[in-house]
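Trainee: I have a new model open and would like to learn to read it. Where do we start?

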Amino acid sequence: AQYTDDTPVGADEVHVALVLSTHARARIERIDAAAARRTVRGFRRLYTHEDVPGSNVYGDIVADEYVFAEREVTSVGQVVAAVSADTADAARAAAAGERVLRVRADATGPHQ
């Protein structure tokens, strides 16, 4: 069987990595690619909830999941954004949370 990682990389291929929350509950204060743009060679673009065509909310039974978090995160590993770059390593480096995401952790419970 041939797997995705067995496929040769194309000349114009772009790689994507997800920006994930490292907090169980936090308000998103800022999503900004300026630092990644300055420091990661091959960085191409940052994608957020504003880039989702149509609705950013989905769900099989109840539409209560977000493609990209908007104002807050509610779990560790929640997808906040995505970045694209020329290589997989550059995409992972650009997606490093401290380069793109600033949150304010909140241990008190849900936000209103």
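Mentor: We start with charge. Lys and Arg count as positive, Asp and Glu as negative, while His and the chain ends are left out. Keep in mind that this is a predicted model.

Trainee: How many positive and negative charges does the chain have, and how far apart are their mean positions?

Mentor: There are 13 positive and 17 negative charges. Their mean positions lie 10 Å apart.

Trainee: What does the C-alpha trace span along its principal axes?

Mentor: About 45 × 35 × 25 Å. The chain exposes about 7,600 Å², and carbon and sulfur atoms supply 48% of that. Of its 112 residues, 30% count as buried.

Trainee: Which elements does the chain have, and in what order do they run?

Mentor: Three helices and eight strands. From the N terminus, the order is β-β-α-β-β-β-β-β-α-α-β. Now look at contacts between residues at least 6 apart in sequence: 73% of them join residues at least 24 apart.

Trainee: How do strands of a sheet pair?

Mentor: Through backbone hydrogen bonds, in either a parallel or an antiparallel sense. Here, three strands make an open sheet, ordered β1-β7-β3, with antiparallel pairing.

Trainee: Why is one side of β1 and of β3 left without a neighbour in the sheet?

Mentor: Because β1 (15-20) and β3 (43-47) stand at the edges, and each has a single partner strand. Neighbouring strands of this sheet are turned against each other by 25 degrees on average, direction ignored.

Trainee: Over how many bridges do β1 and β7 pair?

Mentor: Six, in the antiparallel sense; β7 covers residues 79-85.

Trainee: Which residues is Val83 in contact with, leaving aside neighbours within four places in sequence?

Mentor: The list includes His15, Val16, Ala17 and Val19. Phe43, Arg45 and Leu46 are also among them, as are Ala91, Ala94, Ala95 and Val100.

Trainee: And how far is Val83 from Ala93 in space?

Mentor: The two are 9.5 Å apart, C-alpha to C-alpha, and ten residues apart in sequence.

Methods:
Residues are numbered from 1 along each chain as its sequence is written. This is a predicted model: local features need pLDDT of at least 70, side-chain atom pairs count only at pLDDT 80 or more; totals for chains, interfaces and linings use all residues. Side-chain values use heavy atoms; hydrogens and water are left out. Two strands pair if DSSP finds at least two bridges between them. Helices (H or I, at least four residues) and strands (E, at least two) are DSSP runs, numbered from the N terminus. Axes are lines fitted to C-alpha atoms, for helices over the stretch in contact, and angles run from 0 to 180 degrees between N-to-C directions. Buried means under 20% relative accessible area, exposed over 50%, partly exposed in between (1.4 Å probe, protein chains only). Contact means heavy atoms within 4.5 Å. Accessible areas come from the Shrake-Rupley method with a 1.4 Å probe; for residues, only the protein chains shown count as cover. The place of a charge is taken as NZ of Lys, CZ of Arg, CG of Asp or CD of Glu.
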